[in-house]
Amino acid sequence: MNTRLLFAASLVMLTSAGAAIADKDNNKGVGQACRGLPNHATLKAALDDAVSAEESGLNLHMWATLVNRDGVVCAVAFSGTNRGAQWPASRVISAQKANTANSLSLDSSSDSAGSGKPNGLALSTANLYSAVQPGGSLFGLQESNPVETGAAYGGNPGLNGTPQDPMVGSKIGGVNVFGGGLGLYSVGKTLVGGVGLSGDTSCADHNIAWRVRHNLGLDHIVGVGGVSGDPQRPDNIIFDIAANPNGGTGISAGGFGHPTCLNTDLNTADLPAGQP
């Protein structure tokens with residue numbers, strides 16, 4: 001064989017071997033980062049059940065994303081027959097919501113040296129809506145942590161929503177400020193990550209996310225601090241926005257309200273109570 005061709009062939013073999021080793025190491029790293037969180041199959045089963053159970057909204061199929069406490073994407077799944085049966089934008093939106101709920105919630109470990117929350121603080125993305133409006137206490141929050149576009153839109157789209165979704169293993173970033181994102185609390189009310197749902201009205205997204213979290217058994221939220229006023233559902237959506245007589249955004253009585261949506265179920269007590 002020509003020496004130059006032999007060298008080229010050897011280089012290709014070495015590069016391929018290196019890539020295989022790197023992929024193996026990356027997969028191992030993801031497994032370690034996501035240890036203790038549900039895998040793709042478990043998320044998919046929880047999602048399918050939640051979509052079937054929820055009757056509000058537009059009755060559409062959904063995307064779901066799990067992130068760990070560091071914001072690393074651990075699983076992405078969709079309901080429906082294929083990855084075109086939902087709004088394509090909802091894949092990344094679901095990841096934003098998971099990242100937001102995780103990054104803006106706390107558990108009791110936040111309490112030390114006279115500061116923090118002894119019982120933690122669970123904030124859903126639905127709880128953020130009013131606070132980020134002009135004049136709100138968190139105005140501009142949604143611009144603070146941009147999505148990592150390479151992680152969000154890179155890779156083979158044919159793998160989207162599979163165990164090999166290109167977002168898995170990456171920190172997605174992003175802040176979303178309407179319903180569909182919840183913190184994940186394991187036994188002992190320990191915050192271990194977040195779940196995000198997207199694909200329907202934002203109110204239905206919240207309800208389906210709530211059911212997914214419950215199905216995953218990561219809703220140990222009874223006694224965790226929150227803004228909803230319901231100790232069994234501290235991060236539940238709040239419908240307390242009254243029309244603004246001057247026009248524009250309505251006014252939330254408590255500052256953490258969310259608007260109603262098409263075919264909204266206003267009886268949020270219909271959602272499963274959290275676990276102790």
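Predicted model: local features only at pLDDT ≥ 70, side-chain atom pairs only at ≥ 80, totals over all residues.

Colleague: Which hand does the disulfide of C203 and C261 have, and which parts does the pair tie together?

Modeller: The torsion about the S-S bond of C203 and C261 is about 75 degrees, so this disulfide is right-handed. Because C203 sits in helix 5 (residues 202–216) while C261 belongs to the segment after strand 6 (251–252), the pair ties together parts that are 58 residues apart in sequence. C203 is buried, its relative accessible area being 4%.

Colleague: How many disulfides does a search of the whole structure find?

Modeller: The search finds two disulfides, and the other cysteines to look at are C34 and C74, which are joined with an S to S distance of 2.0 Å. The link of C34 and C74 is left-handed, with -85 degrees about the S-S bond. Since C34 lies in the loop between helix 1 (3–33) and helix 2 (40–53), and C74 in strand 2 (residues 73–78), this pair ties together parts that are 40 residues apart in sequence.

Colleague: Are C34 and C74 buried or exposed?

Modeller: C34 is buried at a relative accessible area of 10%, and C74, at 12% relative accessibility, also counts as buried.

Colleague: What pattern do the disulfides follow along the chain?

Modeller: With bonded cysteines counted along the chain, the pattern is 1-2, 3-4.

How values were computed
Residues numbered from 1 in each chain as written. Heavy atoms only, no water. Disulfide = S-S within 2.5 Å. Helix = DSSP H or I, 4+ residues; strand = E, 2+ residues; numbered from the N terminus. Buried < 20%, exposed > 50% of the residue type's maximum accessible area, 1.4 Å probe, protein only.
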